[in-house]
Amino acid sequence: MNKVTYQIVEHDGGWAYKLGDVYSETFRTHEEALNAARAAAAEQRLSGKTEGISYQDSEGEWHEELAVGSDRPETEVTDAPASETDDKTDS
């Protein structure tokens, strides 16, 4: 089973979660980014339908495969400590 880790980081004047080198949208507060990462991680674990898929690889070759809907990754959220500038007030 694959493992997917969302990491909470400071980003673009606010906070975001990232997966690998890809950042989410920027959130105003650390708490908003953490809640969004937890929601994304929960959705990633949901089973879907088994369906046929087709895709083109980097060499232009087309492939057809069966994507098993129950084959979901294990997920986690790692949280960097909130900085002094993190605004924890409700809006």
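**View 1. The buried residues of helix 1 pack against strand 1, strand 2 and strand 6.** The model is predicted. Helix 1 contains 15 residues, and from its first C-alpha to its last it reaches 21 Å, close to the 21 Å expected at 1.5 Å a residue. Its buried residues are His30, Ala33, Leu34, Ala36, Ala37, Ala40 and Ala41. Seen down the axis of helix 1, these residues fall within an arc of 165°, so they line one face of the helix. An α-helix has 3.6 residues a turn, so residues three or four places apart point the same way.

View 2. Read from the N terminus, the elements follow the order β-β-β-α-β-β-β. Of the 91 residues in the chain, 25% are buried. Among contacts between residues at least 6 apart in sequence, 45% join residues at least 24 apart.

**View 3. Four strands form an open sheet in the order 3-2-1-6.** The pairing in this sheet is mixed. Strand 3 (22-23) and strand 6 (74-79) stand at the edges, each with a single partner strand, so one side of each is left without a neighbour in the sheet. Helix 1 (residues 30-44) packs on the sheet, where it touches strand 1 (3-11), strand 2 and strand 6. The direction of helix 1 makes about 165° with that of strand 1.

**View 4. Strand 2 (residues 14-19) and strand 3 run antiparallel.** Two bridges join these strands. Which residue of strand 3 does Leu19 stand opposite? Opposite Leu19 is Val22.

**View 5. Ser24 lies in the loop between strand 3 and helix 1.** Is Ser24 buried or exposed? Ser24 counts as buried, because its relative accessibility is 15% and the cut-off for buried is under 20%. Apart from neighbours within four places in sequence, Ser24 is in contact with Ala16 and Tyr17.

**View 6. Asn35 is a partly exposed residue of helix 1.** The relative accessible area of Asn35 is 41%. This value falls between the limits of 20% and 50%, so Asn35 counts as partly exposed. Along the chain, Asn35 and Val77 are 42 residues apart. Their C-alpha atoms are separated by 9.9 Å.

**View 7. Strand 4 and strand 5 form a hairpin.** Five residues lie between the two strands, and Gly60 in the turn has a positive phi of about 85°. Strand 4 (residues 51-56) and strand 5 run antiparallel and are joined by six bridges. Among the residues in these strands, Glu51 has Ala67 in strand 5 as its bridge partner. How many of the six residues of strand 5 (residues 62-67) are buried? The number is zero, so strand 5 lies largely in the open.

**View 8. Over residues 83-91, pLDDT stays under 50.** For this stretch the model has 12 contacts beyond four places in sequence. Across the chain, the mean pLDDT is 87, and 86% of the residues reach 70 or more.

Key
Residues are numbered from 1 along each chain as its sequence is written. This is a predicted model: local features need pLDDT of at least 70, side-chain atom pairs count only at pLDDT 80 or more; totals for chains, interfaces and linings use all residues. Side-chain values use heavy atoms; hydrogens and water are left out. Two strands pair if DSSP finds at least two bridges between them. Contact means heavy atoms within 4.5 Å. Axes are lines fitted to C-alpha atoms, for helices over the stretch in contact, and angles run from 0 to 180 degrees between N-to-C directions. The expected span of a helix is 1.5 Å times one less than its number of residues. Buried means under 20% relative accessible area, exposed over 50%, partly exposed in between (1.4 Å probe, protein chains only). The arc is that of the directions from the helix axis to the C-beta atoms. pLDDT is the predictor's confidence in each residue, from 0 to 100.
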